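Please examine the sequence and the structure shown below.

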Amino acid sequence: MGRYSVPLAPKLADFAAITAAQRVLDVGCGPGALTTELVRRLGPDGVSAVDPSEPFVAAARERHPGVRVERAAAEELPFEGREFDAALAQLVVHFMADPVAGLREMARVTRPGGVVAASVWDHAGGQGPLSMFWEVARELDPDVEDESRLAGARENDLARLFREAGLQDIEETALSVSVEHSSFEEWWEPYTLGVGPAGSFAAGLDVDQQAELRELCRERLPAAPFVLTVRAWAARGLA
Ligand SMILES: C[S@@+](CC[C@H](N)C(=O)[O-])C[C@H]1O[C@@H](n2cnc3c(N)ncnc32)[C@H](O)[C@@H]1O
């Protein structure tokens, strides 16, 4: 999903009003689309990052010397209260075991009046990067567990979670990004890697079913090269 999360990062940073001279925490930094954007705006000294996955932590430390990177989940952040001017989580809330606890922790480590912001792809509204894949998957298997029920993946759900976490002055918006695909194969290839719920679903099919899934997707996409415009829900609130 890096090809979509990279252009999403500056949009989330703008929505959270991240400018120079701020100390910002990147929660669930993962492969680092948002971390890179924050370092560009603030320099490494202004950025801290956490992720529960050790390989992501190691990669972030190597890629961004000077950024403080800790291994931790949002629900238990290893920081004092009010350490940051803002805390952001790009494409992470839906992976949290307890999204309200995670957002409450993000508020705790943010100074009073500082911004907490998060984004999640529009999995439920059919306009996320994986939506077309899941639409076809549901036709082949009506019982498939797609990602539409995940926290924050439908309109107004992030705002509800922010309210439950006690944030103030909450606003929700949709952030759109457009990505060009040079060929159908380039679009399809990530689904063959077994990564995430979509990759697991594809990996669990037999060869014929996988070929059917691939060809149905191919029929629905425009001729290459094509541009897909997708959206994420984003919410911000004040600590
Ligand atoms: C889709 S990736 C997003 C990575 C990054 N924010 C970006 O935009 O490139 C989701 C990340 O959330 C992390 N994650 C999962 N559960 C988490 C939790 N409870 N708290 C913080 N991060 C979590 C995963 O390890 C993964 O790195």
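## Residue H123

H123 sits in the loop that links strand 5 (110-121) and helix 5 (131-140). Helices (H or I, at least four residues) and strands (E, at least two) are DSSP runs, numbered from the N terminus. The relative accessibility of H123 is 9%, so this residue counts as buried; buried means under 20% relative accessible area, exposed over 50%, and partly exposed in between (1.4 Å probe, protein chains only). Apart from neighbours within four places in sequence, H123 is in contact (heavy atoms within 4.5 Å) with H94, L130, S131, E147, S148 and A153.

## Basis of the model

The model is predicted: local features need pLDDT of at least 70 and side-chain atom pairs count only at pLDDT 80 or more, whereas totals for chains, interfaces and linings use all residues. Residues are numbered from 1 along each chain as its sequence is written, and side-chain values use heavy atoms, with hydrogens and water left out.

## Residue A224

A224 belongs to the loop between helix 9 (207-220) and strand 7 (226-238). Its relative accessibility is 42%, and therefore A224 counts as partly exposed. Leaving aside neighbours within four places in sequence, A224 is in contact with S182, S183 and F184. Between A224 and A59 there are 165 residues of separation in sequence and 33 Å in space, C-alpha to C-alpha.

## The chain as a whole

The protein chain contains 9 helices and 7 strands. Its radius of gyration (taken over C-alpha atoms) is 18 Å, close to the 18 Å that the globule rule gives for 239 residues, so the chain is as compact as a globular protein of that length. That rule is 2.2 Å times the number of residues to the power 0.38.

Of the 239 residues in the chain, 51% are buried. Among contacts between residues at least 6 apart in sequence, 73% join residues at least 24 apart.

## Surroundings of the ligand

An oxygen atom of the ligand lies 2.6 Å from an N or O atom in the side chain of D51. A polar backbone atom of Q90 is 2.8 Å from a nitrogen atom of the ligand.

Notes
A polar contact is a pair of N or O atoms within 3.5 Å; within protein, one must be able to donate a hydrogen and the other to accept it, and residues adjacent in sequence count only if both atoms are side-chain atoms.
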